[in-house]
Amino acid sequence: MHRPEPVVSVRDAAVRVGGRTLWSQVSADVAPGEFVAVLGPNGVGKSTLVKVLLGELPASGTVRVLGAPAGRDNHRIGYLPQRRSFDASLRIRGLDIVRLGWDGDRWGVPLPFASRFGSRRRADARIAEVVELVGARGYAHRPIGELSGGEQQRLLIAQALVRRPALLLLDEPLDSLDLPNQSAVAGLVSRICHEEKVAVVMVAHDVNPILRHLDRVVYLAHGSAVSGTPEEVITSATLSRLYGTPIEVLTTSDGRLVVVGGPENPGGHGDPHDGGRDAR
Ligand SMILES: Nc1ncnc2c1ncn2[C@@H]1O[C@H](COP(=O)(O)OP(=O)(O)O)[C@@H](O)[C@H]1O
Ligand SMILES: [Mg+2]
């Protein structure tokens with residue numbers, strides 16, 4: 001019996017942006033069907049890691065995705081970029097946003113075969129299925145600009161899922177959601193991960209809403225990363241080593257992790273509405 005090929009395999013990778021090394025010695029694996037978080041303070045290079053997985057940015061070392069060099073198999077990846085908000089006056093329906101995932105060119109590359117004669121009914125059926133899966137049936141016909149942030153995010157997740165990807169890359173999908181919606185969307189992504197058997201890599205700046213769903217984490221800080229189970233990685237000892245400075249991980253009475261110390265509070269990020277944090 002051979003083990004299933006990892007969905008993502010990163011070995012000793014390093015990336016340079018703007019003439020400097022953003023991070024190096026990064027290694028991480030994602031197995032089929034796993035839910036993995038990419039954590040770390042703002043500006044550390046989480047979105048950059050996602051772009052490396054998409055082959056949009058070159059990295060040294062080894063970066064293999066779906067058994068091929070990064071960028072080769074992007075049609076098998078569902079990608080939700082870091083938050084873009086819809087103008088309140090935008091009239092395009094939620095359903096059409098989802099349909100773009102089927103026949104749109106999300107990376108500026110037209111998808112072959114997508115609009116071939118005869119695929120329309122298949123497309124409609126799959127679109128209805130993912131709209132149902134994310135619980136958006138009640139509002140999918142309304143203009144996207146009129147919907148709440150949580151509703152928009154569910155439709156964007158549906159868009160990323162519609163072509164049955166083997167890997168879902170979600171860049172801060174919980175950002176800008178209120179706490180109940182963060183928890184609901186986290187639960188939804190976890191359910192999708194298991195029901196659709198898709199590996200999920202989710203960038204997050206607060207681990208708490210997703211903590212109980214996670215198989216593994218990749219924690220980026222101080223120009224490098226550690227990866228492993230949350231229990232292995234999110235500890236005072238591991239994070240202190242990673243940051244090169246004393247870090248304390250506290251557990252609150254309701255089970256939330258709070259990371260204290262370091263150049264920027266990297267774990268218990270509290271208020272999701274503190275604004276201005278993102279390198280967009
Ligand atoms: N193409 C680029 N050229 C120059 N700097 C970049 C480029 N892309 C990202 N950066 C910089 O790299 C850093 C990390 O960005 P990013 O990956 O967006 O961080 P994060 O997602 O962790 O907040 C930021 O300082 C950002 O300004
Ligand atoms: Mg980012």
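Which backbone atom of G45 lies 3.0 Å from an oxygen atom of ligand 1, and of what elements may it be? In this predicted model, the atom in question is a backbone N or O atom of G45. Taken alone, ligand 1 exposes 570 Å², of which the protein buries 67%.

The shell around ligand 1 consists of 13 residues, the closest being G43, G45, K46, S47 and T48. By class, five of the shell residues are nonpolar, six are polar and two are charged. Strand β2 (20–30) and helix α1 (46–53) each contribute at least two residues to this shell. The largest share, three residues, is supplied by α1.

S47 is also in contact with another part of the protein. Its side chain makes a polar contact of 2.6 Å with the side chain of D171, a residue of strand β7 (residues 167–171). D171 is buried but has no salt bridge. The nearest side chain of opposite charge, that of K51, is 6.1 Å from D171, whereas a salt bridge requires a separation within 4 Å.

Salt bridges number 13 in the structure. One of them joins R11 and D29, with the closest N and O atoms 2.7 Å apart. This pair links distant parts of the chain, since R11 lies in strand β1 (residues 8–17) and D29 in strand β2, 18 residues apart. Both partners are partly exposed, R11 with a relative accessible area of 36% and D29 at 27%.

A further salt bridge connects R76 with D73, the closest N and O atoms being 3.5 Å apart. Here R76 is partly exposed at 35% relative accessibility, while D73 counts as buried at 16%. Within helix α3 (residues 119–133), D124 and R120 are four residues apart and are therefore separated by about one helical turn. Their side chains meet in a salt bridge of 3.7 Å, N to O. D124 is partly exposed, with a relative accessible area of 31%, and R120 is exposed at 55%.

P58 is found in the loop between α1 and β4 (60–65). This proline is exposed, with a relative accessible area of 67%. P58 and G71 are 13 residues apart in sequence, and their C-alpha atoms are 9.8 Å apart in space.

Conventions. Residues are numbered from 1 along each chain as its sequence is written. Chains are lettered from A and ligands numbered from 1 in the order in which they are written. This is a predicted model: local features need pLDDT of at least 70, side-chain atom pairs count only at pLDDT 80 or more; totals for chains, interfaces and linings use all residues. Side-chain values use heavy atoms; hydrogens and water are left out. A residue is near a molecule or strand if one of its heavy atoms lies within 4 Å of it. A polar contact is a pair of N or O atoms within 3.5 Å; within protein, one must be able to donate a hydrogen and the other to accept it, and residues adjacent in sequence count only if both atoms are side-chain atoms. Accessible areas come from the Shrake-Rupley method with a 1.4 Å probe; for residues, only the protein chains shown count as cover. Ala, Val, Leu, Ile, Met, Phe, Trp, Tyr, Cys and Pro count as nonpolar, Asp, Glu, Lys and Arg as charged, and the others, Gly among them, as polar. Buried means under 20% relative accessible area, exposed over 50%, partly exposed in between (1.4 Å probe, protein chains only). Lys and Arg count as positive and Asp and Glu as negative; His and the chain ends are not counted.
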